[in-house]
Amino acid sequence: MRYSHYFIPTVKETPADAEVISHKLMLRAGMIRKLAAGIYNYLPLGLRSIRKVENIVREEMNRAGAIEILMPGVLPAELWQESGRWEMYGKELLRFKDRKDAEFCLGPTHEEIVTDLVRREIKSYRQMPVNLYQIQAKFRDEIRPRFGLMRGREFIMKDAYSFDVDEKAADLSYEKMYRAYRRIFERCGLNFRAVEADTGSIGGSSSHEFMVLADSGEDAIVSCSCCEYAANVEKAESRTVSTEHADPRPLERVATPDKRTIEEVSDFLGVQASSVVKTLILMADNEPVLALLRGDHDLNEIKLKNLLDCTDLEMAGDEVVAKLTGAPVGFAGPVGLSIRIVADLAVQGMRNFVTGGNAKDLHLKNVNIDRDFTATRFADIRNVVHGDQCPRCDAGILEMWRGIEVGHVFKLGTKYSKALKATYLDADGKEQIVFMGCYGIGIGRTVAACIEQNHDENGIIFPLPIAPFHCIISALNMKEEQVRVASEAIYEQFATAGVEVLLDDRDERPGFKFKDADLIGIPLRIVVGSKNLAEGNVELKIRGTGEVLLLPVAEAVAKVKEIVDQALKPV
(Lines give C-alpha, C1' and ligand atoms only; values in the text may rest on other atoms or scores of the structure.)
Protein backbone atom coordinates (compact mmCIF):
# COMPACT_ATOMS: atom_id res chain seq x y z
CA MET A 1 0.00 0.00 0.00
CA ARG A 2 1.25 3.46 -0.92
CA TYR A 3 0.88 6.13 1.74
CA SER A 4 0.01 8.77 -0.86
CA HIS A 5 -2.95 6.67 -2.04
CA TYR A 6 -4.11 5.61 1.41
CA PHE A 7 -6.32 7.29 4.00
CA ILE A 8 -4.32 8.05 7.17
CA PRO A 9 -5.46 11.43 8.54
CA THR A 10 -2.91 11.88 11.33
CA VAL A 11 -3.05 14.98 13.54
CA LYS A 12 -0.42 16.64 15.73
CA GLU A 13 -2.64 17.94 18.51
CA THR A 14 -4.38 15.75 21.06
CA PRO A 15 -8.19 16.12 20.87
CA ALA A 16 -9.59 17.86 23.94
CA ASP A 17 -12.13 15.15 24.79
CA ALA A 18 -9.58 12.30 24.78
CA GLU A 19 -8.52 11.16 28.27
CA VAL A 20 -6.63 7.86 28.10
CA ILE A 21 -3.59 7.27 25.93
CA SER A 22 -5.24 4.76 23.58
CA HIS A 23 -8.04 7.21 22.79
CA LYS A 24 -5.55 10.03 22.19
CA LEU A 25 -3.26 7.97 19.98
CA MET A 26 -5.99 6.26 17.98
CA LEU A 27 -7.42 9.68 17.12
CA ARG A 28 -4.03 11.21 16.38
CA ALA A 29 -2.94 8.20 14.31
CA GLY A 30 -6.07 8.42 12.15
CA MET A 31 -7.42 5.03 13.31
CA ILE A 32 -10.86 6.17 14.49
CA ARG A 33 -13.13 9.18 14.32
CA LYS A 34 -16.02 9.97 16.65
CA LEU A 35 -19.52 9.99 15.17
CA ALA A 36 -21.52 10.35 18.41
CA ALA A 37 -20.92 9.71 22.10
CA GLY A 38 -19.39 6.25 22.35
CA ILE A 39 -19.84 5.56 18.62
CA TYR A 40 -16.88 5.63 16.21
CA ASN A 41 -16.00 5.25 12.57
CA TYR A 42 -13.16 2.77 12.07
CA LEU A 43 -10.69 4.22 9.58
CA PRO A 44 -8.35 2.02 7.49
CA LEU A 45 -5.47 1.65 9.98
CA GLY A 46 -7.82 0.98 12.89
CA LEU A 47 -9.87 -1.46 10.87
CA ARG A 48 -6.77 -3.37 9.78
CA SER A 49 -5.74 -3.92 13.41
CA ILE A 50 -9.26 -4.90 14.37
CA ARG A 51 -9.39 -7.41 11.50
CA LYS A 52 -6.04 -8.85 12.67
CA VAL A 53 -7.50 -9.50 16.11
CA GLU A 54 -10.66 -10.92 14.56
CA ASN A 55 -8.63 -13.32 12.43
CA ILE A 56 -6.63 -14.56 15.41
CA VAL A 57 -9.84 -15.01 17.40
CA ARG A 58 -11.53 -16.83 14.52
CA GLU A 59 -8.57 -19.18 14.00
CA GLU A 60 -8.36 -20.11 17.67
CA MET A 61 -12.12 -20.51 18.08
CA ASN A 62 -12.23 -22.81 15.06
CA ARG A 63 -9.20 -24.68 16.38
CA ALA A 64 -11.07 -25.25 19.67
CA GLY A 65 -14.05 -26.70 17.82
CA ALA A 66 -16.40 -23.70 17.92
CA ILE A 67 -18.63 -23.00 14.91
CA GLU A 68 -19.21 -19.51 13.53
CA ILE A 69 -22.72 -18.14 13.03
CA LEU A 70 -24.17 -14.63 12.81
CA MET A 71 -27.21 -13.53 14.80
CA PRO A 72 -29.27 -10.36 14.32
CA GLY A 73 -28.40 -7.12 16.06
CA VAL A 74 -32.07 -6.21 16.51
CA LEU A 75 -33.65 -8.53 19.08
CA PRO A 76 -37.33 -9.11 19.97
CA ALA A 77 -38.42 -8.29 23.50
CA GLU A 78 -40.23 -11.60 23.97
CA LEU A 79 -37.05 -13.61 24.49
CA TRP A 80 -35.65 -11.11 26.98
CA GLN A 81 -38.95 -11.11 28.83
CA GLU A 82 -38.88 -14.90 28.89
CA SER A 83 -35.45 -14.91 30.54
CA GLY A 84 -36.46 -12.15 32.97
CA ARG A 85 -33.80 -9.71 31.77
CA TRP A 86 -36.01 -7.23 29.89
CA GLU A 87 -36.52 -5.14 33.03
CA MET A 88 -33.53 -6.34 35.06
CA TYR A 89 -30.89 -5.34 32.49
CA GLY A 90 -31.44 -1.64 33.05
CA LYS A 91 -31.16 1.43 30.85
CA GLU A 92 -28.07 0.09 29.04
CA LEU A 93 -30.55 -1.98 27.03
CA LEU A 94 -31.72 0.29 24.21
CA ARG A 95 -35.40 -0.54 23.77
CA PHE A 96 -37.61 0.65 20.92
CA LYS A 97 -40.78 -0.21 18.99
CA ASP A 98 -41.24 -0.91 15.31
CA ARG A 99 -44.09 0.40 13.13
CA LYS A 100 -46.35 -2.41 14.37
CA ASP A 101 -45.71 -1.35 17.96
CA ALA A 102 -43.74 -4.53 18.70
CA GLU A 103 -40.92 -4.09 21.22
CA PHE A 104 -37.27 -4.71 20.31
CA CYS A 105 -33.81 -3.88 21.60
CA LEU A 106 -30.35 -3.49 20.14
CA GLY A 107 -28.36 -6.54 21.17
CA PRO A 108 -25.83 -5.98 23.98
CA THR A 109 -25.29 -9.75 24.28
CA HIS A 110 -26.99 -12.81 22.82
CA GLU A 111 -27.63 -15.45 25.51
CA GLU A 112 -31.38 -15.43 24.93
CA ILE A 113 -31.17 -15.51 21.15
CA VAL A 114 -28.67 -18.36 20.89
CA THR A 115 -30.53 -20.36 23.55
CA ASP A 116 -33.73 -19.94 21.55
CA LEU A 117 -31.91 -21.15 18.43
CA VAL A 118 -30.57 -24.23 20.20
CA ARG A 119 -33.86 -25.16 21.87
CA ARG A 120 -35.47 -25.23 18.43
CA GLU A 121 -32.75 -27.27 16.75
CA ILE A 122 -31.13 -29.53 19.35
CA LYS A 123 -33.32 -32.35 20.65
CA SER A 124 -30.93 -35.17 21.51
CA TYR A 125 -27.79 -35.71 23.58
CA ARG A 126 -26.17 -36.95 20.36
CA GLN A 127 -26.18 -33.36 19.01
CA MET A 128 -23.95 -32.08 21.80
CA PRO A 129 -21.49 -30.69 22.68
CA VAL A 130 -21.82 -27.69 20.40
CA ASN A 131 -20.22 -24.25 20.66
CA LEU A 132 -21.57 -21.43 18.51
CA TYR A 133 -19.83 -18.07 18.14
CA GLN A 134 -20.13 -14.83 16.24
CA ILE A 135 -18.12 -11.65 15.69
CA GLN A 136 -20.57 -8.78 15.61
CA ALA A 137 -21.28 -5.19 16.64
CA LYS A 138 -23.07 -4.83 19.99
CA PHE A 139 -24.77 -1.83 21.55
CA ARG A 140 -24.99 -0.96 25.24
CA ASP A 141 -26.32 2.46 26.10
CA GLU A 142 -23.61 3.36 28.62
CA ILE A 143 -24.59 6.28 30.83
CA ARG A 144 -21.09 7.74 30.49
CA PRO A 145 -19.25 6.44 27.42
CA ARG A 146 -15.59 7.42 27.55
CA PHE A 147 -12.04 6.42 26.72
CA GLY A 148 -12.70 5.82 23.01
CA LEU A 149 -12.94 2.12 22.21
CA MET A 150 -12.31 1.23 25.85
CA ARG A 151 -15.86 2.07 26.93
CA GLY A 152 -18.00 2.79 23.91
CA ARG A 153 -21.70 2.28 23.33
CA GLU A 154 -21.29 0.44 20.04
CA PHE A 155 -18.43 -2.06 19.95
CA ILE A 156 -17.26 -5.16 18.10
CA MET A 157 -17.38 -8.32 20.16
CA LYS A 158 -16.78 -12.02 19.76
CA ASP A 159 -19.34 -13.93 21.78
CA ALA A 160 -19.51 -17.71 21.98
CA TYR A 161 -21.98 -20.05 23.70
CA SER A 162 -21.41 -23.70 24.54
CA PHE A 163 -24.15 -26.30 25.07
CA ASP A 164 -23.53 -29.57 26.90
CA VAL A 165 -25.41 -32.50 28.38
CA ASP A 166 -24.27 -31.99 31.97
CA GLU A 167 -22.01 -30.00 34.25
CA LYS A 168 -19.00 -32.28 33.77
CA ALA A 169 -19.18 -31.91 29.99
CA ALA A 170 -19.73 -28.15 30.38
CA ASP A 171 -16.53 -27.95 32.43
CA LEU A 172 -14.62 -29.50 29.52
CA SER A 173 -16.06 -26.92 27.11
CA TYR A 174 -15.11 -24.15 29.54
CA GLU A 175 -11.56 -25.46 29.78
CA LYS A 176 -11.26 -25.54 25.97
CA MET A 177 -12.33 -21.91 25.78
CA TYR A 178 -10.02 -20.93 28.63
CA ARG A 179 -7.04 -22.44 26.78
CA ALA A 180 -8.17 -20.86 23.48
CA TYR A 181 -8.33 -17.44 25.14
CA ARG A 182 -4.82 -17.81 26.49
CA ARG A 183 -3.59 -18.62 22.98
CA ILE A 184 -5.49 -15.67 21.50
CA PHE A 185 -3.94 -13.08 23.79
CA GLU A 186 -0.51 -14.67 23.57
CA ARG A 187 -0.73 -14.48 19.78
CA CYS A 188 -1.78 -10.83 20.02
CA GLY A 189 1.51 -10.15 21.83
CA LEU A 190 -0.12 -8.95 25.05
CA ASN A 191 1.05 -9.15 28.65
CA PHE A 192 -2.07 -10.42 30.42
CA ARG A 193 -3.42 -12.36 33.38
CA ALA A 194 -6.39 -14.74 33.53
CA VAL A 195 -8.09 -13.91 36.83
CA GLU A 196 -10.98 -15.36 38.81
CA ALA A 197 -13.93 -12.98 38.61
CA ASP A 198 -17.47 -12.33 39.76
CA THR A 199 -20.16 -13.42 37.29
CA GLY A 200 -22.10 -10.13 37.57
CA SER A 201 -25.31 -9.60 35.61
CA ILE A 202 -24.52 -12.44 33.17
CA GLY A 203 -24.89 -14.94 36.01
CA GLY A 204 -23.53 -18.45 36.35
CA SER A 205 -21.40 -20.40 38.79
CA SER A 206 -17.90 -19.10 38.05
CA SER A 207 -15.89 -17.07 35.57
CA HIS A 208 -12.46 -15.79 34.55
CA GLU A 209 -11.54 -12.38 33.20
CA PHE A 210 -8.60 -11.90 30.87
CA MET A 211 -6.83 -8.72 31.88
CA VAL A 212 -4.21 -6.82 29.90
CA LEU A 213 -1.80 -5.33 32.43
CA ALA A 214 -1.56 -1.55 32.12
CA ASP A 215 -1.17 1.31 34.58
CA SER A 216 -4.25 2.95 33.10
CA GLY A 217 -6.45 -0.11 33.70
CA GLU A 218 -9.81 0.49 35.36
CA ASP A 219 -9.77 -2.85 37.20
CA ALA A 220 -7.64 -3.79 40.19
CA ILE A 221 -6.36 -7.37 40.13
CA VAL A 222 -4.11 -9.45 42.31
CA SER A 223 -1.78 -12.33 41.58
CA CYS A 224 0.37 -14.57 43.75
CA SER A 225 4.12 -14.05 43.76
CA CYS A 226 4.69 -17.81 43.75
CA CYS A 227 1.75 -19.77 42.30
CA GLU A 228 -0.67 -19.17 39.40
CA TYR A 229 -3.49 -17.75 41.52
CA ALA A 230 -4.90 -14.49 40.15
CA ALA A 231 -8.22 -12.76 40.67
CA ASN A 232 -10.10 -9.55 40.23
CA VAL A 233 -10.14 -7.62 43.52
CA GLU A 234 -13.93 -8.08 43.52
CA LYS A 235 -13.37 -11.85 43.68
CA ALA A 236 -9.95 -12.19 45.33
CA GLU A 237 -10.06 -14.32 48.46
CA SER A 238 -8.48 -13.49 51.80
CA ARG A 239 -7.14 -16.05 54.24
CA THR A 240 -8.30 -16.45 57.81
CA VAL A 241 -6.07 -14.42 60.12
CA SER A 242 -4.62 -16.26 63.11
CA THR A 243 -6.20 -15.58 66.49
CA GLU A 244 -4.56 -13.08 68.83
CA HIS A 245 -3.54 -14.65 72.14
CA ALA A 246 -4.50 -12.13 74.78
CA ASP A 247 -6.68 -12.23 77.87
CA PRO A 248 -9.89 -10.20 77.60
CA ARG A 249 -9.65 -6.87 79.39
CA PRO A 250 -12.61 -5.09 80.98
CA LEU A 251 -14.87 -3.22 78.55
CA GLU A 252 -14.18 0.50 78.72
CA ARG A 253 -16.31 3.45 77.56
CA VAL A 254 -14.22 6.32 76.16
CA ALA A 255 -15.36 9.79 75.19
CA THR A 256 -14.27 10.61 71.64
CA PRO A 257 -15.60 14.11 70.90
CA ASP A 258 -16.14 14.64 67.16
CA LYS A 259 -13.92 11.62 66.33
CA ARG A 260 -15.75 9.67 63.66
CA THR A 261 -13.29 8.29 61.12
CA ILE A 262 -10.94 5.36 61.69
CA GLU A 263 -7.96 7.70 61.37
CA GLU A 264 -9.38 10.20 63.87
CA VAL A 265 -10.32 7.52 66.42
CA SER A 266 -7.05 5.57 66.18
CA ASP A 267 -4.97 8.78 66.50
CA PHE A 268 -7.04 9.99 69.45
CA LEU A 269 -6.82 6.66 71.31
CA GLY A 270 -3.21 5.99 70.34
CA VAL A 271 -3.91 2.64 68.67
CA GLN A 272 -3.30 1.19 65.22
CA ALA A 273 -6.12 1.25 62.70
CA SER A 274 -5.84 -2.55 62.65
CA SER A 275 -6.94 -2.57 66.32
CA VAL A 276 -10.21 -0.79 65.49
CA VAL A 277 -13.27 -2.58 64.12
CA LYS A 278 -15.48 -0.45 61.91
CA THR A 279 -19.21 -1.12 61.82
CA LEU A 280 -20.97 -0.54 58.54
CA ILE A 281 -24.75 -0.58 58.42
CA LEU A 282 -26.22 -1.66 55.10
CA MET A 283 -29.65 -2.43 53.73
CA ALA A 284 -29.92 -5.84 52.06
CA ASP A 285 -33.24 -5.98 50.20
CA ASN A 286 -34.47 -3.34 52.70
CA GLU A 287 -33.36 -5.38 55.74
CA PRO A 288 -30.55 -3.98 57.93
CA VAL A 289 -27.29 -5.87 58.33
CA LEU A 290 -24.08 -4.97 60.16
CA ALA A 291 -20.74 -5.61 58.44
CA LEU A 292 -17.70 -5.64 60.73
CA LEU A 293 -14.22 -5.09 59.31
CA ARG A 294 -10.80 -4.31 60.65
CA GLY A 295 -10.16 -0.58 60.56
CA ASP A 296 -7.49 -0.82 57.86
CA HIS A 297 -9.64 -2.99 55.56
CA ASP A 298 -12.38 -2.05 53.09
CA LEU A 299 -15.70 -3.76 52.49
CA ASN A 300 -16.13 -5.75 49.30
CA GLU A 301 -19.81 -5.18 48.58
CA ILE A 302 -19.92 -7.81 45.85
CA LYS A 303 -18.70 -10.51 48.26
CA LEU A 304 -21.25 -9.44 50.86
CA LYS A 305 -24.06 -9.24 48.31
CA ASN A 306 -23.27 -12.75 47.07
CA LEU A 307 -23.01 -14.02 50.63
CA LEU A 308 -26.40 -12.59 51.57
CA ASP A 309 -27.90 -13.66 48.23
CA CYS A 310 -29.73 -10.35 47.99
CA THR A 311 -30.82 -8.36 44.96
CA ASP A 312 -30.08 -4.88 46.34
CA LEU A 313 -27.36 -3.88 48.77
CA GLU A 314 -26.63 -0.29 49.74
CA MET A 315 -25.29 1.72 52.63
CA ALA A 316 -27.98 2.74 55.10
CA GLY A 317 -28.89 6.43 55.18
CA ASP A 318 -28.17 8.73 58.13
CA GLU A 319 -31.77 8.47 59.39
CA VAL A 320 -31.69 4.67 59.38
CA VAL A 321 -28.33 4.62 61.19
CA ALA A 322 -29.64 7.00 63.86
CA LYS A 323 -32.81 4.95 64.32
CA LEU A 324 -30.93 1.64 64.67
CA THR A 325 -28.04 2.84 66.86
CA GLY A 326 -29.35 5.93 68.59
CA ALA A 327 -26.28 7.81 67.37
CA PRO A 328 -25.17 9.78 64.31
CA VAL A 329 -22.99 8.22 61.62
CA GLY A 330 -19.47 7.48 62.82
CA PHE A 331 -20.30 6.01 66.23
CA ALA A 332 -21.97 2.68 65.38
CA GLY A 333 -20.81 -0.52 67.03
CA PRO A 334 -22.05 -4.11 67.40
CA VAL A 335 -22.42 -4.14 71.20
CA GLY A 336 -26.07 -4.04 72.26
CA LEU A 337 -27.57 -4.12 68.77
CA SER A 338 -30.07 -6.82 67.81
CA ILE A 339 -29.25 -6.83 64.10
CA ARG A 340 -27.82 -9.53 61.87
CA ILE A 341 -24.02 -9.22 62.08
CA VAL A 342 -21.59 -10.44 59.41
CA ALA A 343 -17.98 -10.16 60.56
CA ASP A 344 -14.97 -10.45 58.27
CA LEU A 345 -12.58 -13.34 58.86
CA ALA A 346 -9.90 -10.89 59.99
CA VAL A 347 -12.18 -9.75 62.83
CA GLN A 348 -12.73 -13.31 64.05
CA GLY A 349 -9.27 -13.59 65.57
CA MET A 350 -9.15 -10.10 67.15
CA ARG A 351 -9.10 -9.44 70.90
CA ASN A 352 -9.59 -6.25 72.94
CA PHE A 353 -10.45 -4.06 69.97
CA VAL A 354 -12.13 -0.67 69.62
CA THR A 355 -15.65 -0.12 68.25
CA GLY A 356 -18.22 2.63 68.18
CA GLY A 357 -20.34 2.99 71.30
CA ASN A 358 -23.75 3.67 69.70
CA ALA A 359 -23.85 7.11 71.28
CA LYS A 360 -22.61 10.47 70.08
CA ASP A 361 -18.89 11.07 70.85
CA LEU A 362 -18.49 7.58 72.37
CA HIS A 363 -16.32 4.57 71.55
CA LEU A 364 -15.69 1.30 73.38
CA LYS A 365 -12.27 -0.18 74.14
CA ASN A 366 -11.43 -3.82 74.87
CA VAL A 367 -14.41 -5.21 72.98
CA ASN A 368 -14.35 -9.02 72.59
CA ILE A 369 -16.47 -11.31 70.46
CA ASP A 370 -18.84 -13.70 72.27
CA ARG A 371 -18.40 -11.87 75.58
CA ASP A 372 -19.71 -8.50 74.37
CA PHE A 373 -21.64 -9.45 71.25
CA THR A 374 -22.22 -12.43 69.00
CA ALA A 375 -21.61 -12.42 65.26
CA THR A 376 -24.28 -14.09 63.16
CA ARG A 377 -21.64 -15.22 60.69
CA PHE A 378 -17.96 -14.94 59.88
CA ALA A 379 -17.02 -14.69 56.20
CA ASP A 380 -14.57 -13.20 53.72
CA ILE A 381 -16.19 -9.81 52.98
CA ARG A 382 -13.18 -7.52 52.50
CA ASN A 383 -10.96 -6.37 49.66
CA VAL A 384 -7.54 -7.99 49.75
CA VAL A 385 -4.48 -5.73 49.94
CA HIS A 386 -0.93 -5.93 48.68
CA GLY A 387 1.10 -8.26 50.88
CA ASP A 388 -1.79 -10.51 51.97
CA GLN A 389 -0.96 -14.20 52.04
CA CYS A 390 -2.03 -16.12 48.96
CA PRO A 391 -5.25 -18.10 49.59
CA ARG A 392 -3.96 -20.99 47.45
CA CYS A 393 -0.38 -21.52 48.61
CA ASP A 394 1.66 -20.96 51.78
CA ALA A 395 4.70 -19.40 50.12
CA GLY A 396 3.31 -16.50 48.11
CA ILE A 397 1.96 -13.06 48.82
CA LEU A 398 -0.58 -11.14 46.77
CA GLU A 399 0.68 -8.43 44.42
CA MET A 400 -1.57 -5.68 43.07
CA TRP A 401 -1.88 -4.75 39.39
CA ARG A 402 -4.06 -2.59 37.19
CA GLY A 403 -5.77 -4.38 34.34
CA ILE A 404 -8.01 -3.80 31.33
CA GLU A 405 -10.60 -6.51 30.80
CA VAL A 406 -10.50 -7.76 27.20
CA GLY A 407 -12.14 -11.16 27.59
CA HIS A 408 -14.47 -12.99 29.96
CA VAL A 409 -15.50 -16.64 30.18
CA PHE A 410 -18.52 -17.81 32.22
CA LYS A 411 -19.88 -21.12 33.43
CA LEU A 412 -23.56 -20.31 32.99
CA GLY A 413 -24.97 -23.67 34.02
CA THR A 414 -28.75 -23.73 33.49
CA LYS A 415 -29.54 -20.05 34.13
CA TYR A 416 -30.80 -19.39 30.60
CA SER A 417 -31.58 -22.90 29.39
CA LYS A 418 -33.94 -23.42 32.35
CA ALA A 419 -35.66 -20.05 31.87
CA LEU A 420 -36.11 -20.64 28.12
CA LYS A 421 -36.79 -24.39 28.49
CA ALA A 422 -33.86 -25.54 26.35
CA THR A 423 -33.98 -29.28 26.92
CA TYR A 424 -32.84 -32.50 25.24
CA LEU A 425 -33.55 -36.22 25.52
CA ASP A 426 -30.80 -38.25 27.19
CA ALA A 427 -29.78 -41.85 26.35
CA ASP A 428 -32.74 -43.14 28.38
CA GLY A 429 -35.19 -40.89 26.58
CA LYS A 430 -35.62 -38.61 29.59
CA GLU A 431 -35.86 -34.83 29.21
CA GLN A 432 -32.88 -32.93 30.66
CA ILE A 433 -31.87 -29.27 30.82
CA VAL A 434 -28.92 -28.14 28.68
CA PHE A 435 -25.80 -26.86 30.47
CA MET A 436 -24.32 -23.66 29.03
CA GLY A 437 -21.21 -21.51 29.03
CA CYS A 438 -20.59 -18.14 27.40
CA TYR A 439 -17.35 -16.52 26.29
CA GLY A 440 -16.75 -12.92 25.16
CA ILE A 441 -13.86 -10.91 23.74
CA GLY A 442 -13.95 -7.18 23.05
CA ILE A 443 -12.24 -6.90 19.68
CA GLY A 444 -11.79 -3.11 19.48
CA ARG A 445 -11.12 -3.00 23.22
CA THR A 446 -8.27 -5.48 22.72
CA VAL A 447 -6.66 -3.12 20.20
CA ALA A 448 -7.11 -0.17 22.56
CA ALA A 449 -5.72 -2.18 25.51
CA CYS A 450 -2.73 -3.14 23.39
CA ILE A 451 -1.99 0.55 22.82
CA GLU A 452 -2.38 1.29 26.55
CA GLN A 453 0.29 -1.32 27.16
CA ASN A 454 2.52 -0.54 24.16
CA HIS A 455 3.35 3.12 23.53
CA ASP A 456 5.93 5.79 24.21
CA GLU A 457 6.11 9.57 23.94
CA ASN A 458 6.25 9.31 20.14
CA GLY A 459 3.19 7.15 19.59
CA ILE A 460 1.97 3.56 19.33
CA ILE A 461 4.26 0.51 19.43
CA PHE A 462 2.17 -2.28 17.92
CA PRO A 463 3.10 -5.94 18.46
CA LEU A 464 3.67 -7.40 15.00
CA PRO A 465 0.68 -9.79 15.00
CA ILE A 466 -1.93 -7.02 15.23
CA ALA A 467 -0.08 -4.09 13.63
CA PRO A 468 -1.89 -2.51 10.65
CA PHE A 469 1.24 -3.21 8.57
CA HIS A 470 4.36 -5.19 9.39
CA CYS A 471 6.76 -2.70 7.91
CA ILE A 472 6.86 0.87 6.61
CA ILE A 473 9.33 2.01 3.96
CA SER A 474 10.34 5.60 4.58
CA ALA A 475 11.65 6.84 1.24
CA LEU A 476 13.51 10.04 2.14
CA ASN A 477 13.19 11.66 -1.26
CA MET A 478 11.18 9.95 -3.97
CA LYS A 479 12.29 12.60 -6.47
CA GLU A 480 15.77 11.12 -6.41
CA GLU A 481 15.82 8.30 -8.93
CA GLN A 482 18.16 6.12 -6.85
CA VAL A 483 15.88 6.36 -3.81
CA ARG A 484 12.71 5.86 -5.86
CA VAL A 485 14.01 2.80 -7.71
CA ALA A 486 15.36 1.15 -4.55
CA SER A 487 12.19 1.88 -2.58
CA GLU A 488 9.95 0.49 -5.33
CA ALA A 489 12.12 -2.63 -5.64
CA ILE A 490 12.02 -3.32 -1.88
CA TYR A 491 8.29 -2.66 -1.88
CA GLU A 492 7.70 -5.27 -4.59
CA GLN A 493 9.95 -7.80 -2.85
CA PHE A 494 8.01 -7.40 0.38
CA ALA A 495 4.74 -8.00 -1.47
CA THR A 496 6.15 -11.17 -3.02
CA ALA A 497 7.47 -12.34 0.37
CA GLY A 498 4.06 -11.89 2.04
CA VAL A 499 5.16 -8.99 4.24
CA GLU A 500 2.48 -6.34 4.69
CA VAL A 501 4.17 -3.09 3.80
CA LEU A 502 3.29 0.60 3.63
CA LEU A 503 5.44 2.67 1.27
CA ASP A 504 5.70 6.27 2.44
CA ASP A 505 6.10 7.86 -0.98
CA ARG A 506 4.83 11.31 0.07
CA ASP A 507 6.67 14.47 -0.82
CA GLU A 508 7.41 15.36 2.82
CA ARG A 509 10.49 16.08 4.92
CA PRO A 510 12.24 13.03 6.45
CA GLY A 511 11.47 14.21 10.00
CA PHE A 512 7.79 14.52 9.18
CA LYS A 513 7.73 10.97 7.80
CA PHE A 514 9.58 9.59 10.81
CA LYS A 515 7.13 11.23 13.23
CA ASP A 516 4.15 9.75 11.39
CA ALA A 517 5.80 6.32 11.28
CA ASP A 518 6.38 6.40 15.04
CA LEU A 519 2.88 7.73 15.71
CA ILE A 520 1.02 4.99 13.80
CA GLY A 521 3.16 2.34 15.43
CA ILE A 522 4.33 0.18 12.51
CA PRO A 523 6.80 -2.27 14.17
CA LEU A 524 9.54 -2.23 11.50
CA ARG A 525 10.83 0.66 9.42
CA ILE A 526 13.12 0.55 6.40
CA VAL A 527 14.70 3.94 5.74
CA VAL A 528 15.85 4.42 2.14
CA GLY A 529 18.12 7.41 1.68
CA SER A 530 20.72 8.41 -0.89
CA LYS A 531 23.58 8.54 1.63
CA ASN A 532 23.25 4.91 2.72
CA LEU A 533 22.32 3.75 -0.77
CA ALA A 534 25.64 5.10 -2.02
CA GLU A 535 27.22 2.35 0.06
CA GLY A 536 24.59 -0.24 -0.90
CA ASN A 537 22.75 -0.10 2.43
CA VAL A 538 19.40 0.73 3.95
CA GLU A 539 18.49 1.28 7.58
CA LEU A 540 16.18 -1.03 9.53
CA LYS A 541 14.71 0.40 12.74
CA ILE A 542 12.80 -1.76 15.21
CA ARG A 543 10.10 0.42 16.75
CA GLY A 544 9.76 -1.45 20.03
CA THR A 545 13.42 -1.46 21.05
CA GLY A 546 14.76 1.50 19.08
CA GLU A 547 17.46 -0.79 17.65
CA VAL A 548 18.86 0.36 14.30
CA LEU A 549 20.54 -2.03 11.86
CA LEU A 550 22.43 -1.01 8.75
CA LEU A 551 21.84 -3.73 6.16
CA PRO A 552 22.80 -4.34 2.54
CA VAL A 553 19.81 -3.73 0.29
CA ALA A 554 19.87 -7.37 -0.79
CA GLU A 555 19.53 -8.59 2.83
CA ALA A 556 16.95 -6.15 4.14
CA VAL A 557 13.85 -7.96 2.89
CA ALA A 558 15.08 -11.34 4.19
CA LYS A 559 15.81 -9.86 7.62
CA VAL A 560 12.37 -8.28 7.90
CA LYS A 561 10.75 -11.50 6.66
CA GLU A 562 12.63 -13.45 9.34
CA ILE A 563 11.43 -11.10 12.12
CA VAL A 564 7.85 -11.20 10.86
CA ASP A 565 7.75 -14.99 10.55
CA GLN A 566 9.13 -15.41 14.06
CA ALA A 567 6.51 -13.05 15.52
CA LEU A 568 3.64 -14.73 13.68
CA LYS A 569 4.68 -18.29 14.49
CA PRO A 570 1.61 -20.13 15.90
CA VAL A 571 1.46 -20.70 19.65
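Predicted model: local features only at pLDDT ≥ 70, side-chain atom pairs only at ≥ 80, totals over all residues.

A: Take Pro-129, which lies in the loop between helix H5 (111-121) and strand S7 (130-139).

Q: Noted. What is the phi of Asn-286?

A: Phi of Asn-286 is near 70°, which is positive although the residue is not a glycine.

Q: And where is the place of Asn-286?

A: Asn-286 sits in the loop between S14 and strand S15 (287-294).

Q: What is the lining of the second largest pocket like by class?

A: Twelve of the lining residues are nonpolar, six are polar and two are charged.

Q: S18 also came up there. Which strands form a sheet with S18, and in what order?

A: The order is S13-S19-S18, in an open sheet of three strands with antiparallel pairing. Strand S13 (252-255) and strand S18 (353-356) are the edge strands, each pairing on one side only. From one strand to the next, the twist averages 30°.

Q: How many bridges are there between S13 and S19?

A: Four, with S13 and strand S19 (residues 362-367) running antiparallel. As for a residue pair, Glu-252 is opposite Lys-365 in S19.

Q: Next sheet. What is the strand order in the one with S4?

A: S4-S6-S5, again an open sheet of three strands paired antiparallel. Strand S4 (74-76) and strand S5 (95-97) are at the edges with a single partner strand each, so one side of each has no neighbour in the sheet. Ignoring direction, neighbouring strands of this sheet are turned by 40° against each other on average.

Q: How many bridges do S5 and S6 pair over?

A: Three bridges join S5 and strand S6 (residues 103-106), in the antiparallel sense. Within this pairing, Phe-96 stands opposite Phe-104 in S6.

Q: Which residue in S31 does Glu-539 stand opposite?

A: Leu-550. Antiparallel pairing of S30 with strand S31 (residues 548-552) runs over five bridges.

Q: What do S30 and S31 form, and how many residues are between them?

A: A hairpin, with five residues between the two strands. Gly-546 is in the turn and has a positive phi of about 80°.

Q: Now helix packing. At what angle do the axes of H13 and H16 cross?

A: Roughly 35°, and the axes of helix H13 (residues 481-497) and helix H16 (residues 553-567) come within 10 Å. Angle and distance are the two quantities used to describe a packed helix pair.

Q: Is the crossing of H13 and H16 left-handed or right-handed?

A: The H13 and H16 crossing is right-handed.

Q: Which residues of H13 and H16 meet?

A: On the H13 side, Ile-490, Gln-493, Phe-494 and Ala-497. They meet Val-553, Val-557, Val-560 and Lys-561 in H16. By class, the contact of H13 with H16 has six nonpolar residues, one polar and one charged.

Notes
Residues numbered from 1 in each chain as written. Heavy atoms only, no water. Pairing = 2+ DSSP bridges. Axes fitted to C-alpha atoms, helices over the stretch in contact; angles between N-to-C directions. Left-handed = near helix turned anticlockwise from the far one by under 90°. Contact = heavy atoms within 4.5 Å. Nonpolar A, V, L, I, M, F, W, Y, C, P; charged D, E, K, R; others polar.
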